[in-house]
Every structure is written in C-alpha cells, then in structure tokens.
Amino acid sequence: MTRWWTYVRDRTRVLVTAWLRLVAGLVTDVLALGVAVLFLFVAAVSVISVGLPLLPLALRLLRAFADRERRRLSRVGPPVASPYRPSPDGWWPALWSTVTDPATRRDLGWTLSRAGMFFVGIIAAALPVSAVRDLTFPAWWRLLPEGTATGGFGFPVDGWAGAFAVALVSPVWIALSVLVIPGLVRFREHLGRRLLTATPGTDLSLRITELTATRAAALDAHTAELRRIERSLHDGAQNRLVGVAILTGTARRALARDPAAADALLERAQRSAEEALAELRSVIRSILPPILDQRGLDGALAALAASCAVPCEVSVDVRDRCAASVEATAYFVVAEALTNTSKHSGAAHAAVDVRRVGDVLRIQVRDDGRGGADEGSGSGLSGLRGRVSAHDGTLRVSSPAGGPTILDVELPCGS
C-alpha cells in the first residue's frame, strides 16, 4: 500500500511540474508565433527591397528571442552557449554574415517549430482541466441552463445518470495527461537544445576565437604586470638603493675629517636601506601575496577587509583550494575593488562574497556608495578585466548613478 501511494504521489508531482512548465512555455509559443510572423513578413518584403532596412531589426529580434530560450534552458539543465559567428564591420557585411550564419537558420527553424506547437500545447494544457471539470461535473451540472449541459466529449446530459457517466470519463483525461504532458515538455526542451546549441564545427570555431582573445588578454596582462613591477622597482627600491650608495660613499669620505657628520650620513643610509627592503617586500607581495599560502583565500580576504577604510563584511565559502593563480587573481580583484571603494565611492559599507560553485569561483564585491564607476575613468577596472580574461573568466560591473556598485567576477577553477 505504501509503495503504491508513493508511486501515485511521485507521478502526481511529476505531472503537476510538467503541466506548470507546459503552461509557462505557452508564453514562449505565443512569442514564437509573433516573431515568426514578423520575420517572415519582413523577409518577404525584403525580396523586393522594401523591407530590407527592417531586416537587421528582425534578425536582432530573432536572435534575442532565441537567446532568451538559451538562458532558460541553461537554468534547467546544461548551459547552452550562444553559437553566433562574430560580425564583421560594415552594415552590409554584418547583415550578410548574419543572414548566412547557420545559427540564424537554426533559430528560425526553432521559432517556427515552437509557433506550430502553440495549438498542441493549448490542447495538452487543457487535459488536466478537463479531468477536473468532468470529475466535479455531478456537483454543478444542475446550475447550467437547461439543455446546455454537455460532457467532455460533447454529448448532452439531461439526468443524473449522464452526469455520473461524465465523471467516469475523467480517468481518461488523467491518463492522457500522464502520457502526453511530460513527453511534450521533454520534446520541446530537446528540440530547443538540438536547434539552439552550436554545431560541433561552429562551437570549435567560436572556441578558437575565444581562446585567441583570451591569449591576447593574458599576454596584455602579463606585459602590464611586468611593466608595473619594473616601474615599482625603478621608482622605489632602485632609487632608494642608489641613495644608500651615495650616502655610504659620502660617509666614507667624511669619516676622517668629520666623524659626527659621517655617523649622521650612515644613519640616513640605514633608513634608506630599510625603506628599500620595505619596497622590495611590497613588490614581492604584489606578485603573489605570501598570505595566500599562509592563510588561504579566506584569511587573505579577511586581512584585506580589516585594512579597508570602509567597514567591510566578508563571506567566503570555498572548501577546496583553487590553483594559486586563480586565488591570486581573486585576491587582486577584491583588493582593487576595495581600494576603489575607499578612494572614490563615498560608501558607508562594503561586502565581499566569494564562493565556489562547481568548477567556478564566483566573486561579488558590493558597496553602497555613489556609483558611477567607469572602466575608462582610470579606476583600474580595465586592468582587472585583463587579469580575469587571462583566466577565461568574466567580469561584470553594475554601477548606476546613485549606487550601489556591484562587481561580479567568475573564474574557472578546475576540478
């Protein structure tokens, strides 16, 4: 008995979930119908050149609609990446590239398929409604005007025997619902993944393009880092060591004739040597902070927050250690973001949230300042983007006027 009840409960849960997804998908079907009609109309009038100016708009609408479904599919299953080829410069080359892109034809095929499934979806969504209607029919059929009561299959009902006969039909609707609705939902999602996912050749081409851009970003980040280290050594430690050499030479020459002045010079040389050592330690920490090895990402970010001029709350949920380069990038992202918060935001509070989700390290730095952060304003965001891109990661900045400023970073960190 318990096993039977468990089976019924599980099947009911599956049916209800599938029905809700089916009903929600009807919105996509309606949109598909509208997009398909609009696109086909624009394509038809473009043949005689009248609708040619509207074709880019129709193509963008088609792609936006397909991308909407890709995002939905990515939320309920494996991610579906955008399969489009990069568009060349120029209006006509970009339009021709979009028209001839295989992904455009696949988007159109998916849109037409979903538009055609609208009526099928309506009928399938009505099956459970019909089951409830027929099951409860004996309770309310007498409230209908005389001669208008009909059963689920349309036969007239004029007595209690017919009313209960209608109720006996409800298991048919339930059985059809169990058989049709989950399968239709699975078919729609399978069709979306089949048509909206990049073909292997396209996916490889896109990946090559992405890796080329990532390699360029890595080289730029490496060059910028070498330039920064060289500048730090040249302007800091090297100048102080030159000062030490000069002061030491002057002290040696003054030692015989003025020991007191030589002692003062040696004291200055010692201070310069200590400052040079501090500069060197600072440069070393900026290459790979030792605190990451000693205390891990959690402790390193806690130390950053403690030294921040703005009160900062840190939450780190990273159970396993990531690669050293990934942790260093995460550390510098948070350090730069908190520096910007302290210097430019006027914020009263900041928060850092770092967590590992699967093979991705997600970082969010948020403050309640005045907003308006811009990569082109010299805030260091462009440098951060280069660091993140070098790891094949993503960086998003939301900083409307008036705040808040939110920095989101995702870094692949392997298994």
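Two strands are said to pair if DSSP finds at least two bridges between them. Strands (E, at least two residues) and helices (H or I, at least four) are DSSP runs, numbered from the N terminus. The structure is a predicted model, in which local features need pLDDT of at least 70 and side-chain atom pairs count only at pLDDT 80 or more, while totals for chains, interfaces and linings use all residues. Residues are numbered from 1 along each chain as its sequence is written, and side-chain values use heavy atoms, with hydrogens and water left out.

The protein contains 12 helices and five strands. Of its 415 residues, 36% are buried, where buried means under 20% relative accessible area, exposed over 50%, and partly exposed in between (1.4 Å probe, protein chains only). A contact means heavy atoms within 4.5 Å. Among contacts between residues at least 6 apart in sequence, 69% join residues at least 24 apart.

The five strands form an open sheet in the order 1-2-3-5-4, with mixed pairing. Strand 1 (312-317) and strand 4 are the edge strands, each pairing on one side only. From one strand to the next, the twist averages 10 degrees; axes here are lines fitted to C-alpha atoms, for helices over the stretch in contact, and angles run from 0 to 180 degrees between N-to-C directions. Helix 11 (residues 324-345) packs on this sheet and touches strand 1, strand 2 (350-357), strand 3 and strand 5; its direction makes about 10 degrees with that of strand 3.

Two of the pairings may be followed in detail. Strand 3 (residues 360-367) and strand 5 run antiparallel and are joined by eight bridges; Ile363 has Val409 in strand 5 as its bridge partner. Strand 4 (residues 394-398) also pairs with strand 5 (residues 405-412) in the antiparallel sense, over five bridges. There, Thr394 stands opposite Glu410. Six residues lie between the strands of this hairpin, and Gly402 takes a positive phi near 95 degrees.

A nonpolar core is a set of buried Ala, Val, Leu, Ile, Met, Phe, Trp, Tyr and Cys residues joined through side-chain atoms within 4.5 Å. The largest has 34 residues, and those with the most contacts inside it are Leu361, Ile363 and Leu407. Helix 11 gives the most to this core, with 10 residues. Leaving aside neighbours within four places in sequence, Leu407 is in contact with residues including Val333, Ala337, Ile363 and Leu395. A second, separate core of 18 residues includes Val35, Ala36, Tyr84 and Leu108.

Asp101 is located in the loop between helix 3 (91-100) and helix 4 (102-116). Asp101 counts as buried because its relative accessibility is 1%. Apart from neighbours within four places in sequence, Asp101 is in contact with Arg63, Tyr84 and Arg85. A polar atom of the Asp101 side chain lies 3.0 Å from the backbone nitrogen of Ala103. Glu189, for its part, is in helix 7 (residues 160-196). Glu189 is also classed as buried, because its relative accessible area is 16%. Beyond its neighbours within four places in sequence, Glu189 is in contact with Arg21, Arg72, Leu73 and Val76.

Key:
Polar contact = N/O pair within 3.5 Å; in protein donor to acceptor, adjacent residues only side chain to side chain.
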